[in-house]
Amino acid sequence: MTAVPHFTGDASPYGGGDPYADYRTADFPFTHLVDLADRRLGAGVIAANDEFFAERENLLKPEPAEFDPERFGHKGKIMDGWETRRRRGTSAAAPHPADEDHDWALVRLGAAGVVRGLIVDTAHFRGNYPQSVSVEATSLPGSPSPEDLLAPDVKWTTLVPRTAVGGHAANGFTVDAGQRFTHLRVNQHPDGGIARLRVHGEVAPDPAWLAALGTFDLVALENGGEVEDASDRFYSPATNTIAPGRSRKMDDGWETRRRRDKGNDWIRYRLAEQSEIRAVEIDTACLKGNAAGWAAISVSDGADGERTEILPRTRLQPDTNHRFVLPGPVRGTHVRIDIFPDGGISRLRLFGSLTGEGAARLAARHEELGGQ
């Protein structure tokens, strides 16, 4: 774990007005990577030892935590996060919790992968945040239960050692474990509340699963696809275009600012591995007055390889899923979509299968990362 800016010390009491006015954060170097704990990928908080004041599931909600100073329930203040009761010592003579006392939550990553950075967000937890946190990770095949994960023979790797954190702040940590993980154990010492958890990294798909599928979406996040660069991320991130499912609202896709020059916008993707592409979907769902006017797609074998156009500049319709069957399979590792002149798309799907070379490299990578 490498130190990045994080925030220790107390937060000021809420003084009214905008609850985020005094929120503390920083530009972390890993937030451009996919959130492996995204609910859309299938992530979940599967167990916690205590959630007396606020449910563990709040940790992975995609939107920022909300704060309503007037909202109270039968157990006290209702917080938008995971909050445990106050720990106590063993007796009147020893009223404070022991140094090793802590609360924990088990998180199933939506996509197994290599963790590059974590954000433990204590937004709105000003006097009730933990003194410190630690995060561990493990890799187990299949769909292990909480009991399986807590078994004494499970090996846990420390991603974040016990580290002091601050309240009402995004506490960020870079990670350099270099392994493939499926689950995290988030610990707060000794107790308190965490609003959100973000786990940024790189998806490392299971080669056996992709081989069994045969034909699949080669650029999908859950299959190891990645956005390498984009011309514009003004309204929403380009990574949305390879998220699971169809877009349900406008900001669940990719939308650029309005161009005032003669250029065009684009996204460059890296596929799961070298593949043969056979069919393409470009979806403009929920983009009605701001969909791209035209789109073109090109493929290269290698990041710097010569690009071959597989879809010429083609008219797009608003709020429509467009499907194209290619005349023949096209081999490559990288894809670029150009939209003209600006606007957006909600999803891009590239259907095909891995080449023998691509499958071999993916299998070698899986073994290198300790995949099971």
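Author: With a pocket. This is a predicted model, and its second largest pocket has a volume of about 600 Å³.

Reader: How many residues line the second largest pocket, and which lie nearest its centre?

Author: The lining holds 26 residues, and Gly110, Ala111, Ala112, Gly142 and Arg180 are those nearest the centre. By class, 13 are nonpolar, nine polar and four charged.

Reader: Which elements supply at least two residues of that lining?

Author: Strand S7 (103-121), strand S11 (181-189) and helix H2 (207-213) each do. S7 gives the largest share, five residues.

Reader: What joins S7 to S13?

Author: Eight bridges join these two strands, and they run antiparallel. Ile119 stands opposite Arg198 in S13. S13 also pairs with strand S2 (residues 34-35), again in the antiparallel sense, over two bridges. There, Val34 stands opposite Gly201 in S13.

Reader: How many residues of S13 are buried?

Author: In general, side chains in a regular strand alternate between the two faces of the sheet. In strand S13 (residues 196-203), seven of the eight residues are buried.

Reader: Now a loop residue. Where is Ala303 found?

Author: Ala303 sits in the loop between strand S18 (294-300) and strand S19 (308-315). Leaving aside residues up to four places away in sequence, Ala303 touches Thr333 and His334. Ala303 and Pro318 are 15 residues apart in sequence and 31 Å apart in space, C-alpha to C-alpha.

Reader: Why is Ala303 called partly exposed?

Author: Because its relative accessible area is 48%, and the partly exposed class lies between the buried limit of 20% and the exposed limit of 50%.

Notes: Residues are numbered from 1 along each chain as its sequence is written. This is a predicted model: local features need pLDDT of at least 70, side-chain atom pairs count only at pLDDT 80 or more; totals for chains, interfaces and linings use all residues. Side-chain values use heavy atoms; hydrogens and water are left out. On a 1 Å grid over the protein atoms alone, a cavity is a set of points where a 1.4 Å probe fits but cannot get out, and a pocket is an open set with protein on both sides within 12 Å along at least five of seven lines; lining residues have an atom within 4 Å of a point. Grid points are joined across faces, edges and corners, and a volume is the space filled by probe spheres set on the points. Helices (H or I, at least four residues) and strands (E, at least two) are DSSP runs, numbered from the N terminus. Ala, Val, Leu, Ile, Met, Phe, Trp, Tyr, Cys and Pro count as nonpolar, Asp, Glu, Lys and Arg as charged, and the others, Gly among them, as polar. Buried means under 20% relative accessible area, exposed over 50%, partly exposed in between (1.4 Å probe, protein chains only). Contact means heavy atoms within 4.5 Å. Two strands pair if DSSP finds at least two bridges between them.
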